[in-house]
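Have the sequence and the model open as you go through the points.

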Amino acid sequence: MRAQPKASHFVNGDWMEDEAGEVIEVTYPYTGEVIARLHAATPAVVEAAIGGAQAAQADWAARKPVERARVLHRAVALIRERAAELAALETLDTGKPVQETEVADWPSGADALEYFAGLAPTLTGETIPLGGDFAYTIREPLGVCVGIGAWNYPSQIACWKAAPALSTGNAMVFKPSEVTPLGALQLAQIFIEAGMPAGVFNVVQGLGAVGAALATDPRVAKVSLTGSVPTGARVYPAAAAGMKHVTMELGGKSPMIVFDDASLEDAVGAAMLGNFYSSGQICSNGTRVFVQKSLKERFLTRLAERTGAIVAGDPEDPATQFGPLVNAAQHAKVLGYIETAKAEGARLICGGAAGNEGALFVQPTVFADVTDEMTLAREEVFGPVMAVLDFETEDEVIARANATQFGLAAGVFTADLARGHRVIAQLQAGTCWINAYNLTPVEMPFGAVKTSGLGRENSRAAIEHYTQLKAVYVGMGPVDCPY
Ligand code: NDP
């Protein structure tokens with residue numbers, strides 16, 4: 001097996017195995033070949049991870065912030081040194097083309113670690129003058145944080161959660177999706193090589209039950225989940241019962257609005273990026289592309305031309321731009337949505353079937369004349385299926401874009417920047433772009449409104465979600481007591 005790790009889990013600074021756990025077979029989506037065989041965490045493994053994290057956290061939190069930063073910077077250097085091998089592993093784990101995994105996955109994770117390593121030592125409290133007496137605040141870590149990841153960006157998600165958590169003095173137990181369990185183990189190993197104390201970052205494998213055990217453990221102070229809305233709706237109340245902090249990065253059906261004065265090439269390119277990158281398996285994708293009627297047919301013609309030129313195939317071939325879906329269940333689900341779209345009367349522009357490059361391919365697919373009521377306009381597909389809807393006026397498109405339970409992302413394409421800002425201001429979404437799409441630099445907050453989630457990852461804003469304020473009142477004079 002070409003990607004078998006030393007053991008299933010990484011706990012307390014070392015690899016850990018417990019063969020009593022349910023077997024997890026990891027397959028390479030392009031060939032179906034089993035590349036690793038792991039075991040889900042047993043209660044003993046979960047106990048070791050949470051107990052170890054709890055034991056390690058106090059010492060880690062007591063270190064100077066620059067000391068923690070130094071460890072994270074060393075981890076960043078190791079990730080960059082091993083960029084090629086980490087990208088290759090990410091491709092095997094997810095099936096995404098190496099052309100993507102070399103530039104997007106680990107590089108974005110390394111950026112997050114670098115950013116928070118730099119930011120954490122600058123965090124300070126404030127002093128509050130009270131006329132003689134005064135108060136001050138201290139920003140403290142929360143304690144043991146649990147991270148639970150989805151399968152589309154497994155290593156990036158692990159880094160995005162670990163970076164703000166660890167830089168501010170928390171410890172973490174991370175559970176990757178059982179579909180893509182390999183990258184997070186590498187991160188745990190790299191942290192140890194970089195000098196992080198044992199137990200500060202732990203990885204345990206498992207399915208939903210392991211995630212649920214972690215999310216409800218009374219020693220856990222925070223749960224950060226990246227996953228679907230239904231999973232979020234289960235994990236959030238479970239965490240809330242223990243009054244835990246939460247970050248929820250969930251699904252979406254985000255609108256991308258193209259006005260007729262927009263650059264056609266840019267809008268078409270962004271619509272493709274926002275629907276076909278990672279074979280469409282991206283939470284913030286602009287899967288409802290609203291195109292102003294006067295531009296619509298020109299937009300569709302150019303979109304079909306450029307989509308037809310996408311190079312699908314072997315993900316390990318550097319020339320490949322488009323890979324398979326992650327597994328058979330996702331493949332079947334996406335093809336089901338395509339059939340439903342046809343049955344409900346959407347106009348197929350291109351694609352619309354399984355690809356012939358391998359068992360799990362779906363052709364990059366575009367449907368036009370999609371209406372707001374169609375399933376394709378309402379449900380998250382999580383595959384390479386773009387819905388193009390048309391509109392006439394600004395007010396109309398804003399109302400329709402907002403008519404959804406989701407609120408993760410939104411984009412506007414227009415040459416009229418005043419309109420761009422005006423429209424974005426009215427869209428109900430946490431992460432927005434004007435004349436760009438799906439760029440998520442670590443410097444910018446990432447997160448959602450409505451049922452797509454709460455809390456923010458990346459940027460200074462993430463600090464709020466991994467720390468808490470202690471307020472201290474200092475009496476400088478005699479205690480004024482009426483008794
Ligand atoms: P799932 O919601 O199926 O799973 C997410 C994670 O939660 C997995 O690790 C899963 O384990 C775990 N889990 C499942 N049930 C529970 C439970 N009851 N308690 C605790 N943990 C649980 O998502 P997918 O992995 O299928 O990923 C796709 C979804 O993720 C899409 O909806 C997508 O939009 C969303 N996503 C959101 C992002 C964002 O930042 N907003 C980014 C990326 C994806 P297991 O895998 O074993 O089931």
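1. Start with Gly-232, which sits in helix H9, residues 229-241. Helices here are DSSP runs of H or I with at least four residues, numbered from the N terminus. This is a predicted model, where local features need pLDDT of at least 70, side-chain atom pairs count only at pLDDT 80 or more, and totals for chains, interfaces and linings use all residues. Residues are numbered from 1 along each chain as its sequence is written, and side-chain values use heavy atoms, with hydrogens and water left out.

2. Is Gly-232 buried or exposed? Gly-232 counts as buried because its relative accessibility is 3%; the cut-off for buried is under 20% relative accessible area, with a 1.4 Å probe and protein chains only.

3. Setting aside neighbours within four places in sequence, Gly-232 is in contact with Leu-225, Pro-237, Met-248 and Leu-250. Contact means heavy atoms within 4.5 Å.

4. Now look at Asp-93, in helix H3, residues 83-94. UniProt, in an unreviewed entry, puts a "binding site" feature on Asp-93; its positions follow the numbering used here, feature names are shortened, and annotations may be inferred rather than shown by experiment.

5. Asp-93 counts as buried, because its relative accessibility is 1%. Beyond neighbours within four places in sequence, the contacts of Asp-93 include Val-26, Thr-27, Val-179 and Thr-180.

6. Other parts of H3 are buried too, among them Leu-86, Ala-87 and Leu-89.

Definitions and conventions. Helices (H or I, at least four residues) and strands (E, at least two) are DSSP runs, numbered from the N terminus. Buried means under 20% relative accessible area, exposed over 50%, partly exposed in between (1.4 Å probe, protein chains only).
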